[in-house]
Amino acid sequence: MPSHQGPVKPTELHELTHLAEPGAARIFAKCEFMNPTGSHKDRVFSYMLDELEKEGRISPGMTLVECSTGNGGAALSRVGRDRGYKIAIIMPAGMTEERRKQIETFGATIIETSQDGFLLESEDTARQYIADHPGSHFLDQSTNELNWRSWRSCGHEIVAGMKERGLVPDHFICSVGTGGTFTGIADVLKAEYPDIVTTAVEVDRSAALYAKRKGLPFEHHAHNMMGLGPGKVPSNLREELVDEVELITGDDGWTTMKRLIAEEGLFTGPTAGGNIFAAQRLARTLPPEQVVVTVLFDAAWKYFSIWDGKYRDYEATGERTQ
């Protein structure tokens, strides 16, 4: 498992070349999987701890609590350890072994909740934990607006990258978990480029925003896109920034991930694959002079233990359970 040390720095804005399709719009991807712990969540928790310490709401020696499918847990565990905090990560059962080991390597405690309850149960458990443990603080990336505010820096990096190339992005497309990544980047891009069209992407088996906009009943189903489809429209998703909503399947993400690795040389995970799948589908409908921007969330090594895209109980149940 890579050690991934060092501070959070601006990440590469990569233009797809080998996966580029003739006659389609150009696609640029922000390589957030190149961050210190191998995911986009490093950006979130470094910023969040900076701001909470400035406000005097947390201080070294406290226990910081967070709910996570793994990426946020690792990012918080790393930055928290380096600043003198104890860390407790509330995590649904069944996440990849690589994610668990990375969190534990940084010295954090993992408290596991049921697969069926997924992140909603983890959030309830976190609230009970801080009630039972004085001196602890629940960061709550799902509702804490510091989450989306942390992503404004990434939005400004995209603007700078576009200006360096003499380009104006026409579309921003990004899948939704906590909603922070989409919201923070879209907030900046819409201010800079008033004509940009933003598209939120959801996994089809847990598409709360899509159901809301279409007036459909919503039901969360198990899926194989860790970090997406939390079972609700997250409060960190500022819905006024979402122009369109599109759906992908888990297979879309996993298949495209493997193409990104083999053909594009980007060693990234299935949610990044989902973003690229959706970006390619959109790009085919656009003229070649237009520009689509998306995000690559995390690194492929976090998924080695489920490289077929299935959880270990898949054969017994016929579907992945979370």
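**Note on the interdomain interface and salt bridges**

1. Domain 1 and domain 2 bury about 2100 Å² between them, and 57% of this area lies on carbon and sulfur atoms. Of the area that domain 1 buries against domain 2, L146, M226 and K302 supply 32%, more than any other three residues. The model under discussion is a predicted one.

2. The division of the chain places 13-38 + 145-302 in domain 1 and 41-138 in domain 2. The C-alpha centres of the two domains are 25 Å apart. In terms of contacts, 26 residues of domain 1 meet 23 residues of domain 2.

3. Polar interactions also cross this boundary. Between domain 1 and domain 2 there are 11 residue pairs in polar contact, with both residues at pLDDT 80 or more. On the side of domain 1 that touches domain 2, the elements giving two or more residues are helix 5 (146-150) and helix 6 (152-165). Helix 5 provides the largest share of that side, four residues. By class, the side of domain 1 that touches domain 2 comprises eight nonpolar, 11 polar and seven charged residues.

4. Four salt bridges are found across the interface of domain 1 and domain 2. E157 and R43 are joined through their side chains in a salt bridge, with an N to O distance of 3.0 Å. Both residues also belong to a network of salt bridges that links K30, E32, R43 and E157.

5. The structure as a whole holds 24 salt bridges. One of them pairs the side chains of R284 and E21 at 2.7 Å, N to O. R284 lies in the loop between helix 10 (270-283) and strand 10 (291-296), and E21 in the loop between strand 1 (13-15) and strand 2 (26-31), so this pair ties together parts that are 263 residues apart in sequence. R284 is partly exposed, at a relative accessible area of 46%, and E21 is likewise partly exposed, at 26%.

6. E145 pairs with R149, their closest N and O atoms being 3.0 Å apart; E145 is partly exposed at 42% relative accessibility, and R149 is partly exposed at 32%. R238 pairs with E240, with the closest N and O atoms 2.8 Å apart. Here R238 counts as partly exposed, at 24% relative accessibility, whereas E240 is exposed, with a relative accessible area of 55%.

Note on methods: Residues are numbered from 1 along each chain as its sequence is written. This is a predicted model: local features need pLDDT of at least 70, side-chain atom pairs count only at pLDDT 80 or more; totals for chains, interfaces and linings use all residues. Side-chain values use heavy atoms; hydrogens and water are left out. Domain bounds come from an automatic or database domain assignment. Contact means heavy atoms within 4.5 Å. Buried area is the accessible area (1.4 Å probe) that two parts lose on being put together, summed over both. A polar contact is a pair of N or O atoms within 3.5 Å; within protein, one must be able to donate a hydrogen and the other to accept it, and residues adjacent in sequence count only if both atoms are side-chain atoms. Ala, Val, Leu, Ile, Met, Phe, Trp, Tyr, Cys and Pro count as nonpolar, Asp, Glu, Lys and Arg as charged, and the others, Gly among them, as polar. Buried means under 20% relative accessible area, exposed over 50%, partly exposed in between (1.4 Å probe, protein chains only).
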